[in-house]
Amino acid sequence: MVKNILVVDDSQAIRQSLGFVLKQVGYEVVLASDGLEATKLLEMADWDLVISDLNMPQMDGIGLTRHIRQSPRHKFTPILILTTESQLDMMQAGKAAGATGWIVKPFVADKLLEVVKKLSG
Amino acid sequence: MDSQTLEQLRGALVSSLKGISRSTEEVYLRMGDVYPALVAELDTGLKMSEGVGAAQESLVRATSQALRLIEDRDSAISANLQGTRSRLAELDRQIGQLETLESGVALIRDDSSLMKLLSLNAMVIAAKAGNPGRAFSCISDELQRTSHQTLELTNRVDQGQKALVRSFEEFTASLVDLNEESTTGISDFMSRVKEIFAGLNQGSEDLVVQLDSLRAQTAEVKGPLVSIMVEIQNQDRIRQGLDHVISTIEELVWDEGGGALEVQLSNLSYLEVLPELCRLVLEEVQDQIRHNREVFTCSLQTARGVVQNLQAQRASLVRSQEPGAALGLDHWLALGEQQFSAFDEHTQALGRRQDLALRTTSVLRRTARSLVESLQSFDTILARFRSVGLAARIQIGRHASLSSMQGNATEMTSLTQRMESHMTRCIGVIASFFGAAEGVFRSFQDESAVQADQDQAFRQGLSEALSRLREAKGALDESLDDSEVFSAAFLDQFSLTDADLEILDQLLDEMDKKKKRLEDLKAQVSRIKQDLLAAAGLSDWKLPEGRLQTLVGRFTIFRHKAFAARWADLEIGSATEAGEVTLF
């Protein structure tokens with residue numbers, strides 16, 4: 001069965017690149033440009049994985065993670081934070097908010113796909 | 001340096017860096033828009049050319065079916081030929097039997113000559129016998145006439161038999177010729193067609209191998225395109241880097257007028273660090289762009305090289321399959337059609353000749369019948385011999401002077417009986433030959449009708465096989481067309497990316513110029529600071545950490561924070577590597 005992945009990033013280049021890499025291996029990918037847009041999309045379907053940037057306008061990745069964890073529908077949906085932020089204290093903040101994992105940009109396609117497969121499977 | 005100049009410089013740098021950021025973004029996003037479309041086009045093209053295997057299989061199937069059809073026809077013709085040969089052997093045997101007729105007729109002729117001698121002898125005796133002999137001379141005359149007629153008839157029968165033998169020999173010779181031609185024809189056709197089908201199969205296999213190779217190489221173009229798409233993501237990092245530079249430049253504020261010396265020195269120390277921080281971050285951004293540029297260039301070169309090679313290979317392949325090209329599928333198919341058509345004409349001509357040969361059987365029948373009739377006319381002659389014999393015996397009984405002819409009369413009766421016996425045997429031979437020949441003729445006619453049906457079915461089958469071959473060839477041609485995966489727009493995109501790479505080069509140059517201006521600014525600030533320090537009798541002034549900490553606190557890239565740490569003891573913590581995945 002095709003897995004649905006929600007990609008949230010304010011960078012169009014990240015959305016293009018990440019969306020392309022995921023679609024190439026058969027994932028169904030929906031793109032959102034910030035946390036707020038993502039919250040609307042979240043209500044419209046079930047998601048196998050959410051990959052979100054950290055620093056975004058309107059609602060950042062931490063805020064989105066908290067929002068998702070509070071939603072009964074998506075309480076257990078895996079969330080990967082994909083960000084240029086590589087500091088351990090930031091990662092701890094992400095973990096505390098309920099993120100499942102953290103990837104430091106730029107992503108390495110093989111590593112990313114490996115973890116996506118693991119989490120969405 | 002005054003505050004206004006610095007403000008102007010700040011404004012110019014910020015505006016210029018925002019422009020660089022925008023231009024960089026445009027270049028990356030343009031590639032990000034186009035390359036997925038190219039990959040999709042590539043995937044579609046690859047999917048379309050997947051049918052080549054099935055097309056080749058159907059061509060091989062069609063050639064095998066046609067070969068089987070020809071082999072079946074070959075076997076049927078061999079079986080027919082076997083039948084024809086045995087019937088011809090039977091005819092030969094019968095013709096041999098017919099030749100025995102000659103000896104039978106010769107015996108009749110000999111007896112007729114003896115009968116003629118008897119009649120002469122009778123005439124001499126009759127002349128000597130006086131009056132009684134006169135009546136007998138009429139009988140002798142009749143006997144002589146009948147003997148003469150018998151000799152004529154035997155000559156006629158002899159000629160008829162010879163003509164019949166000759167006609168049958170001609171008939172069998174024509175059938176033997178037909179058989180030989182048929183055998184040679186099918187054998188030549190089979191060897192040519194086998195060669196053609198071997199060529200077709202080999203040609204289609206070669207074509208498929210080459211198309212598969214084209215497909216495999218086409219798939220290789222995808223790798224570099226995917227690499228470009230993965231690299232596109234770095235625009236985000238470049239934008240953030242430039243944002244950090246802009247944030248830093250916006251800190252470049254200087255109030256040359258006032259404040260305490262400590263405040264001025266703290267400000268100058270901060271201002272002194274900022275251009276260098278900008279330069280380091282800009283260099284990192286430049287390194288990133290250069291690295292991306294290298295990946296784009298290499299990927300583009302690889303993709304372009306593969307595409308150009310593929311196009312050359314494909315062009316050569318297309319040329320090899322053009323109508324008229326030696327050893328192309330068209331060449332083999334045209335040869336096949338030529339052979340089928342020639343074979344069709346050949347079998348039809350043979351069929352017509354066979355029909356003609358079989359029609360001559362009616363002439364043969366007539367000849368045989370006339371021979372039988374000739375032989376049957378011996379009956380009349382024999383009746384006359386019997387009548388003459390009876391008349392002779394009556395006359396001999398009446399006249400004592402004719403008693404010396406008693407022996408002649410007995411001899412005459414004996415000859416008549418012998419001739420009758422010979423004639424019966426001859427008629428028997430003819431009747432037997434005629435019966436046997438009739439059977440053989442009927443077999444030939446039946447076989448000819450079966451062959452005509454078989455020929456019709458064979459021609460129909462061959463025509464269908466050729467249609468299937470044409471269809472399969474058409475499918476292979478389509479696969480060849482489908483192997484043209486790269487549209488002109490596809491290749492144009494490579495040239496557009498070349499232009500984008502030139503834009504990146506220009507942006508890198510622009511960044512070099514900004515770095516130079518920042519270095520000049522740093523030198524200016526350092527000079528002012530050194531003058532103030534010297535005036536105050538101080539050797540150095542410690543950088544106030546708070547403002548730098550606040551500035552780098554807004555940075556989203558750890559490495560950029562780390563740059564700032566070389567001037568102050570900042571709290572930047574520790575970090576993981578780019579690309580690292582951490583699962584909680």
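Visitor: What residue stands opposite B:Thr582 in E1(B)?

Guide: That's A:Trp102. By the way, this is a predicted model, where local features need pLDDT of at least 70, side-chain atom pairs count only at pLDDT 80 or more, and totals for chains, interfaces and linings use all residues. Residues are numbered from 1 along each chain as its sequence is written, while chains are lettered from A and ligands numbered from 1 in the order in which they are written.

Visitor: Why are strand E5 of chain A and E1(B) called paired?

Guide: Pairing takes at least two bridges found by DSSP between two strands. Here 3 bridges join E5 (residues 101-104) of chain A to E1(B), so they pair, and they run antiparallel.

Visitor: What makes E1 of chain B a strand?

Guide: DSSP runs count as strands (E) from at least two residues and as helices (H or I) from at least four, numbered from the N terminus. E1 covers 581-583, so it qualifies. Chain B has 11 helices and 1 strand.

Visitor: How confident is the predictor about chain B?

Guide: On pLDDT, the predictor's confidence in each residue from 0 to 100, chain B has a mean of 87, and 100% of its residues reach 70 or more.
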